[in-house]
Amino acid sequence: MDLAERRTELAESLAEVRDRVGRACVAAGRAPGEVRLLAVTKTFPAADAALLTDLGVTELAENRDQEAAGKVREVADLRPAAGIRWHMVGRLQRNKARSVARWAAEVQSVDSLRLAEALGRAAGNARDAGERQQPLDVLLQVSLDEDPARGGCPIEELDELAEGVARTGDLRLRGLMAVAPLGVDPRSAFDRLAAAAERLRRDHQEATELSAGMSGDLEAAIARGSTCVRVGTALLGGRGLASP
Ligand SMILES: *Cc1c(COP(=O)(O)O)cnc(C)c1O
């Protein structure tokens, strides 16, 4: 497929996703401007990310540092003036903090204080080296399924993690993120998440973001207060069986 065809395809799927977000907002009595759209470009080439920026999508997300670091550079070469904010949404080892602090505006998958501290140090070093200008925005990833393999902080431990992150230099605590449990109705999980987000806002007024909802469940997430949907498949197409 050539670039013009791909652009048309992406424009159509983007219009559909924006329409879904808009209708979900109306159904929930919310303003569409309250929900931002992150395009999850994992497994797709830099050329697709560049086309999305041409279509007005400047909030992009990746889930693996190995793939993202190079892609971020490629997209910067393709569209130097696009003003993209890159988000890290996948599981993250502490030894990747240094690399991620160079390309991410926001990390949505912080689930331990040790990781947060590594990111804070890395963001400070990147700032000293002139590689970033802003503190690193951070969302705490909440576990909604008791499955440690999928990452996330248990809801009971969130208060403590939030306190620690709020005290860590070069990080800015902005809210919560979660992935709905597999194979069940996401609504009760999103209810628990919404309650946790409300609690967090009581103690941390700037922690207003709630990142929830993907291609399959964005309506349910918006109905329960999501301020950020992370959409891959519905925008870019299927990733195949072997991909993450
Ligand atoms: C891949 C991914 C998404 C996007 O999932 P789709 O179902 O393709 O929309 C969202 N969030 C995270 C954390 C992901 O890894």
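Buried here means under 20% relative accessible area, exposed means over 50%, and partly exposed is whatever falls in between, with a 1.4 Å probe and protein chains only. The structure is a predicted model, so to speak of local features takes a pLDDT of at least 70 and side-chain atom pairs count only at pLDDT 80 or more, while totals for chains, interfaces and linings use all residues. Residues are numbered from 1 along each chain as its sequence is written, and side-chain values use heavy atoms, with hydrogens and water left out.

First, the overall picture. The protein has nine helices and eight strands; these are DSSP runs numbered from the N terminus, with helices (H or I) of at least four residues and strands (E) of at least two. Its radius of gyration is 17 Å, close to the 18 Å that the globule rule gives for 244 residues, so the protein is as compact as a globular protein of that length. That radius is taken over C-alpha atoms, and the rule is 2.2 Å times the number of residues to the power 0.38. Along the principal axes, the C-alpha atoms fill a box of roughly 50 × 45 × 35 Å. Of the 244 residues, 50% are buried. Contact means heavy atoms within 4.5 Å, and among contacts between residues at least 6 apart in sequence, 67% join residues at least 24 apart.

The buried set consists of Ala46, Asp48, Ala49, Ala50, Leu51, Leu52 and Thr53. These residues pack against helix H1 (3–27), strand E1 (36–40), E2, helix H3 (65–78), strand E3 (85–88) and helix H9 (233–236). Aspartate 54 also belongs to H2. Leaving aside neighbours within four places in sequence, aspartate 54 is in contact with Arg7 and Arg79. The C-alpha atoms of aspartate 54 and arginine 7 are separated by 8.8 Å, although the two residues are 47 apart along the chain. Just after H2, glycine 56 takes a positive phi of about 100 degrees.

Glutamate 59, in strand E2 (residues 59–62), is buried at a relative accessible area of 15%. The side chain of glutamate 59 makes polar contacts with the side chain of arginine 85 (3.4 Å) and with that of histidine 87 (3.4 Å). Beyond four places in sequence, glutamate 59 also has contacts that include Arg36, Leu37, Leu38 and Ala39. Threonine 227 sits in the loop between helix H8 (218–223) and strand E8 (228–231) and is buried at 14% relative accessibility. Its side chain makes a polar contact with the side chain of glutamate 209 (2.8 Å). Not counting residues up to four places away, threonine 227 touches Arg30, Glu34, Val35, Arg36, Thr208, Glu209 and Leu210.

Most residues other than glycine have a negative phi. Threonine 43 has a positive phi of about 70 degrees although it is not a glycine; threonine 43 lies in the loop between E1 and H2 and is partly exposed at 33% relative accessibility. Aspartate 170 likewise has a positive phi, near 70 degrees. Aspartate 170 is in the loop between helix H6 (158–167) and strand E6 (171–177), and is partly exposed at 23%.

Finally, glycine 237 is found in the segment after H9 and is partly exposed at 25% relative accessibility. Glycine 237 and phenylalanine 44 are 193 residues apart in sequence and 9.2 Å apart in space, C-alpha to C-alpha.

Note on methods
Polar contact = N/O pair within 3.5 Å; in protein donor to acceptor, adjacent residues only side chain to side chain.
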